[in-house]
Amino acid sequence: LGHVADEDSWLDAWPPPGASVVSPDTVYRTLASAGYTHGPTFRALSSVWLAQDTVFAELALPKRTQAQAGQYCLHPALLDAGIQAASLLQSIAGTESDHLSLPRVWSGLSVNHTGASAMRVRVRATGQDQAVLDLADASGATTAGRSTLTFQTAPEKLWDGILARYGALASAAGENVGPQSQPVSPPRTTG
């Protein structure tokens with residue numbers, strides 16, 4: 001029973017005491033450098049904190065999207081923001097890779113109530129490519145039961161195919177590919 005009480009204690013103090021603040025803009029710049037870009041609806045990280053091997057975040061839909069929240073069990077932009085928060089675990093563990101890491105399986109998600117336009121999330125690593133997410137609404141009431149997110153590294157050929165497809169679609173729409181009209185490429189690390 002002590003373990004169960006501990007699982008809910010993350011909601012007792014908010015923001016988490018002793019945690020380091022991370023700017024959401026820094027998170028989005030880091031994700032963009034790895035090939036992830038997000039439009040305004042899917043930039044739902046509003047506050048982020050790091051504490052040891054755990055990421056805490058507040059997620060909020062943009063005002064123009066908040067009215068849509070009731071159309072979903074959990075709005076896709078809030079779910080994606082939970083994944084964005086989980087991406088920080090690689091930085092904490094020092095396992096950043098030069099390959100694109102994609103969410104592969106999200107399991108165990110059970111929704112307690114629907115229509116949230118803002119949420120809190122706690123993300124903890126449970127393995128090299130796996131994390132546990134706990135979700136609560138802005139008041140601290142549990143929104144969804146504990147869920148597990150498994151990541152998989154995308155092969156470079158897949159990444160090249162995604163870029164080629166996106167580039168063709170963007171060109172057909174008269175748009176440039178990547179920032180400042182430069183093609184986006186997967187990040188490379190040295191050493």
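## A tour of the predicted model

The chain has a mean pLDDT of 76, and 70% of its residues reach 70 or more; pLDDT is the predictor's confidence in each residue, from 0 to 100. This is a predicted model: local features need pLDDT of at least 70, side-chain atom pairs count only at pLDDT 80 or more, and totals for chains, interfaces and linings use all residues. Residues are numbered from 1 along each chain as its sequence is written, and side-chain values use heavy atoms, with hydrogens and water left out.

**Colour by confidence.** Helix H1 (residues 2–8) has the lowest confidence, at a mean of 41, and E3 the highest, at 95. Helices (H or I, at least four residues) and strands (E, at least two) are DSSP runs, numbered from the N terminus. Residues 1–6 have pLDDT below 50, with one contact in the model beyond near neighbours in sequence. Contact means heavy atoms within 4.5 Å. Residues 173–191 are also below 50, but that stretch has 27 such contacts.

**Select Leu45, Val48, Leu59, Val121 and Val123.** These have the most contacts inside the largest nonpolar core, which has 31 residues. A nonpolar core is a set of buried Ala, Val, Leu, Ile, Met, Phe, Trp, Tyr and Cys residues joined through side-chain atoms within 4.5 Å. Buried means under 20% relative accessible area, exposed over 50%, partly exposed in between (1.4 Å probe, protein chains only). Elements that each supply at least two residues include helix H2 (24–33), strand E2 (45–51) and strand E5 (118–127). H4 gives the most, with six residues.

**Centre on Val123.** Beyond four places in sequence, its contacts include Val55, Ala85, Leu89 and Val132.

**Move to Asp134, in strand E6**. Is Asp134 buried or exposed? At 6% relative accessibility, it counts as buried. Its side chain makes a polar contact of 2.8 Å with that of Arg122, and one of 2.9 Å with that of Arg146. A polar contact is a pair of N or O atoms within 3.5 Å; within protein, one must be able to donate a hydrogen and the other to accept it, and residues adjacent in sequence count only if both atoms are side-chain atoms. Trp10 is also in contact with Asp134.

**Follow E6 into E7.** These strands pair antiparallel over six bridges; pairing requires that DSSP finds at least two bridges. Leu135 stands opposite Ala144. Four residues lie between the strands in this hairpin, where Gly140 takes a positive phi near 100 degrees.

**Finish at E4 (residues 101–107).** Six bridges join E4 to E7, again antiparallel. Val105 stands opposite Thr150.
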